[in-house]
Amino acid sequence: FPILERSIRCEDGRERPLVYMDHGASTHAPRPVLEAVMQLMTRHYANVHRGNHTLSQEASDLWDEAILQIAGFVGADPAKQVPIIVGNTTQANDLAAHLMENVPGRVLTTLMEHHSNDLPYRARGRVLHAGVDEEGRIDLEDVEAKLEQGGVKLLAVSGASNVTGYMPPIHKMARMAHAHGARILVDGAQLLAHAPIDVKPVGHKEHIDFLSGAGHKAYAPFGAGFLLAPRDIADQAAPYTPGGGTVKWVTAESALFADSPDRHQGGTPNITGTIALAAALRYLERIGMESVRRHEQELVRQGLKRFAELHDEHGVELLGPHKPKEWKDRLGVFAFLVPEYRHAGVSVRLDRHYAIATRNGCFCAHPLLHRLLRLGDTSQYTKAIAAGQHVELPGATRATLGLYNTDHEVDVLCDAIGAIAQGKHDGPLRKARVVPRPGQESS
């Protein structure tokens with residue numbers, strides 16, 4: 001990973017090695033992926049399925065291999081489930097909402113979701129939300145109750161939370177959905193590069209009908225994602241973006257559209273990004289996804305132990321399931337609160353004093369943060385934002401782990417959080433003001 005050669009100049013003037021803990025937002029590409037990109041760009045760069053010259057034929061072969069690689073990585077049969085290339089996971093879920101729009105019924109999602117697995121369905125019809133408990137776990141009894149009401153066509157759920165690392169039982173939820181005549185979509189943005197995924201054969205009770213994912217969260221560059229979709233549903237729906245490459249024949253009066261995936265891939269796709277994504281998935285396969293998962297579980301176990309100590313010593317609060325024994329059932333996602341410090345101030349201090357890259361805010365999962373932060377009535381925020389007022393939003397600081405993180409780096413992170421909690425780096429940054437929750441006094 002060339003990024004590991006980076007160092008960051010900190011406020012004390014020292015150069016420190018980068019400790020990258022923002023994998024939940026975007027990952028870095030290993031050399032084999034970068035080499036695949038350079039090979040394409042310097043040897044085979046051309047548009048695909050549009051020319052008979054050598055470069056176009058070579059690029060088309062690489063593209064076709066990439067599509068098969070994506071399907072094979074998750075155990076899909078490309079004759080029945082087709083990977084459709086899009087720009088990112090948000091667009092993949094939006095495509096799924098489009099494909100299912102004219103199917104009668106409602107979409108059931110959860111209050112755990114990233115906005116990308118909620119808002120696209122809201123834009124196309126009524127959406128139901130299953131609840132979560134105080135640690136962000138999905139209330140499966142509520143899911144079952146809403147399915148039993150009837151009329152649900154799609155259950156949309158994230159394979160892992162980008163806020164808590166919680167991994168819902170997606171195959172159990174698939175059984176629940178299918179038992180009530182619904183299909184299931186798993187948003188695989190946070191799962192694809194962290195744990196084995198098996199969509200299981202079409203017709204299996206635990207089959208995953210739709211799966212979305214993106215390269216930039218799986219050690220490939222920005223700009224290429226996919227939706228794995230049932231071929232019959234994809235072929236029946238109107239083209240997502242009608243235009244070049246989506247048709248078989250066009251006259252001045254009519255158009256005959258292509259079968260999937262071309263039907264929904266208007267214009268030139270991100271060929272480079274897709275081939276890079278396939279290279280990243282091959283890289284993960286060579287390591288072995290079971291090995292990837294075990295590595296991350298060990299880091300999670302270390303992290304939960306250290307965050308328990310931070311809680312006891314400094315009152316640091318880790319959001320989501322956080323009992324040390326729960327290390328096997330979650331990803332390396334640590335969203336946390338440091339008493340008396342704003343989330344942005346913590347993230348800045350981690351960067352400027354320790355070269356630790358984290359993220360802060362609400363992580364595009366506002367309803368879940370509202371629950372985890374116990375905000376209660378949030379209408380005060382809604383009114384203020386709608387009125388154009390500047391509002392300091394509540395949130396958390398988040399460290400997310402990936403392939404090349406180590407247990408030593410987990411210790412560096414937790415030691416740094418402890419130092420911040422003790423006020424050792426207030427300096428010119430100063431201790432951030434605590435913004436009260438609605439209805440609370442300022443402190």
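An open sheet of four strands runs in the order E13-E14-E17-E16, with antiparallel pairing. Strands here are DSSP runs of type E with at least two residues, helices are runs of type H or I with at least four, and both are numbered from the N terminus. Two strands pair if DSSP finds at least two bridges between them. E13 and strand E16 (359-361) are the edge strands, and each pairs on one side only. E14 and strand E17 (residues 396-400) are joined in the antiparallel sense over four bridges. Ala335 stands opposite Arg398 in E17.

The model is predicted: local features need pLDDT of at least 70, side-chain atom pairs count only at pLDDT 80 or more, and totals for chains, interfaces and linings use all residues. Residues are numbered from 1 along each chain as its sequence is written, and side-chain values use heavy atoms, with hydrogens and water left out.

A second open sheet has seven strands, ordered E4-E10-E9-E8-E7-E5-E6, with mixed pairing. Its edge strands are E4 (81-86) and E6 (127-130). The twist averages 20° from one strand to the next. Angles run from 0 to 180 degrees between N-to-C directions, and axes are lines fitted to C-alpha atoms, for helices over the stretch in contact. Strands E9 (residues 210-214) and E10 (residues 225-230) pair in the antiparallel sense over four bridges. Gly213 has Phe226 in E10 as its bridge partner. Helix H5 (residues 140-148) packs on the sheet and touches strand E5 (106-110), E6 and E7. Contact means heavy atoms within 4.5 Å. The direction of H5 makes about 150° with that of E6.

Helices also meet each other. The axes of H1 (residues 31-44) and H2 (residues 54-73) come within 10 Å and cross at roughly 160°. Leu40, Arg43 and His44 in H1 meet Leu55, Glu58, Ala59 and Leu62 in H2.

Helix H9 (residues 289-314) has 26 residues. From first C-alpha to last, H9 reaches 36 Å, close to the 38 Å expected at 1.5 Å a residue (1.5 Å times one less than the number of residues). Its buried residues include Met289, Val292, Leu299 and Phe307 (buried is under 20% relative accessible area, exposed over 50%, partly exposed in between, with a 1.4 Å probe and protein chains only). Their cover includes H2, helix H8 (271-287) and helix H13 (407-421). Gly315 follows H9, with a positive phi near 75°.
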